[in-house]
Amino acid sequence: MKAALSPLSPPAYAALILKLAGGLMVIGSIVDCLILVVPPSFLDQAWLTMLIRDWVLRGTIPLIGFALLLLGAWIDVSAGGMPSDRPAGKKRKPAKPRWFSGVVFLSCCYSVLFALLAPLYFNSSRIASAATTRQLNEQAEQAEQELSDRLSERREQINLLLSDAARRQELQAQLEDTDNADNPLRSQLLPGQQTELQQLLELTERVQDKPQLLEQELAKAKQTGIEQIKTQQQQERDRITTETRKLRIHTILTALTLASGYGVIAWTGMGAPQKNQKKRQARSRVQPKPKPGS
């Protein structure tokens with residue numbers, strides 16, 4: 001004869017739902033964090049900084065999961081110790097589930113982990129910011145070198161045009177007749193290149209009678225270009241510094257807050273069941289025993 005399954009009481013049903021939801025949240029968050037590590041590149045400080053920030057931003061989900069798990073366990077313990085839930089004449093000492101200590105221990109581990117992630121993120125973001133600054137400096141040096149090469153090429157072009165008046169007049173006539181479909185410059189040069197060639201011819205005309213003016217014009221153009229490069233570099237550096245500072249403050253404060261939250265959950269999980277058990281034992285001692293024959 002098969003024994004009929006007794007339906008779950010409302011507290012047991014609520015505890016089951018809480019434990020199921022909490023377990024899924026914790027397991028899902030762990031899988032999500034492990035996926036972020038693939039492919040690993042721990043020597044890359046920029047990658048490590050992004051990984052830590054992603055972990056911190058996902059730290060709220062397992063925090064809620066642990067809270068739901070412990071809440072479900074407490075409901076189980078409390079429901080198991082209620083006199084209305086015990087068969088007549090039998091006493092059952094309420095006990096914590098076997099996995100309860102594991103959840104508390106894992107919550108402690110999460111608290112230590114997020115406490116360690118705060119200084120680790122600060123150091124990684126500092127190194128990554130320094131690397132970004134070096135990269136900006138290298139880009140600025142490369143841009144200055146390219147500017148110098150363009151100006152040197154322009155000097156050679158101007159000297160060539162100064163020594164070849166016929167070529168200069170031919171280019172000037174072709175630029176003035178750009179609407180002509182048979183003009184070779186119309187198909188060979190883009191509008192921007194035509195403008196640059198026009199400026200080159202104008203500069204050649206200005207320095208034709210004053211050769212020393214060429215070096216002055218080139219030096220002025222170089223100074224203007226370097227100032228523009230430095231301005232853009234400073235603007236980019238300020239933008240990166242501001243964004244890095246905001247992310248650093250937000251990530252570190254969030255990590256420390258999560259570490260405190262996990263610590264509170266672990267501390268509460270270690271103390272609350274024993275307190276509830278003592279209260280139930282005191283309540284059972286105070287409860288009057290039934291008189292014989294009544």
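Contact is taken here to mean heavy atoms within 4.5 Å. The structure is a predicted model. By this criterion, Tyr262 is in contact with Gly59, Pro62, Leu63, Phe66, Ser107, Tyr110, Ser111 and Phe114, neighbours within four places in sequence being left aside. Among contacts in the chain between residues at least 6 apart in sequence, those joining residues at least 24 apart account for 78%.

The secondary structure of the chain consists of 8 helices and 0 strands, and its order along the sequence is α-α-α-α-α-α-α-α. Of the 294 residues in the chain, 30% are buried. The chain exposes about 19,800 Å², of which carbon and sulfur atoms supply 60%.

Helix H1 comprises residues 10-37, and its end C-alpha atoms lie 41 Å apart; because 28 residues at 1.5 Å a residue should span 40 Å, the two values agree. The buried residues of H1 are Ala15, Leu18, Gly22, Gly23, Val26, Ser29, Cys33 and Val37. Helix H2 (residues 45-57) contains 13 residues, and the distance from its first C-alpha to its last is 18 Å, close to the expected 18 Å. At the start of H2, a side-chain oxygen of Asp44 comes to within 3.2 Å of the backbone nitrogen of Ala46. Buried positions in H2 are Trp47, Leu48, Thr49, Leu51, Ile52, Arg53, Asp54 and Val56.

In soluble globular proteins, nonpolar side chains tend to be buried together. The largest nonpolar core in the model has 27 residues, and those with the most contacts inside it are Ile52, Val56, Phe66, Leu70, Phe114, Leu258 and Tyr262. At least two residues of this core are supplied by each of H1, H2, helix H3 (60-80), helix H4 (100-163) and helix H8 (212-286). H4 provides the largest share, 8 residues. A second, separate core has 10 residues, including Leu147, Ile158, Leu161 and Leu201.

A search of the whole structure for disulfides returned 0. For Cys109, the closest cysteine sulfur is that of Cys108, at 6.9 Å; this is too far for a bond, because a disulfide requires sulfur atoms within 2.5 Å. Cys109 has a relative accessibility of 33% and therefore counts as partly exposed. Cys33, in contrast, has a relative accessible area of 17% and is therefore buried, since the limit for burial is under 20%.

Notes: Residues are numbered from 1 along each chain as its sequence is written. This is a predicted model: local features need pLDDT of at least 70, side-chain atom pairs count only at pLDDT 80 or more; totals for chains, interfaces and linings use all residues. Side-chain values use heavy atoms; hydrogens and water are left out. Helices (H or I, at least four residues) and strands (E, at least two) are DSSP runs, numbered from the N terminus. The expected span of a helix is 1.5 Å times one less than its number of residues. Buried means under 20% relative accessible area, exposed over 50%, partly exposed in between (1.4 Å probe, protein chains only). Accessible areas come from the Shrake-Rupley method with a 1.4 Å probe; for residues, only the protein chains shown count as cover. A polar contact is a pair of N or O atoms within 3.5 Å; within protein, one must be able to donate a hydrogen and the other to accept it, and residues adjacent in sequence count only if both atoms are side-chain atoms. A nonpolar core is a set of buried Ala, Val, Leu, Ile, Met, Phe, Trp, Tyr and Cys residues joined through side-chain atoms within 4.5 Å.
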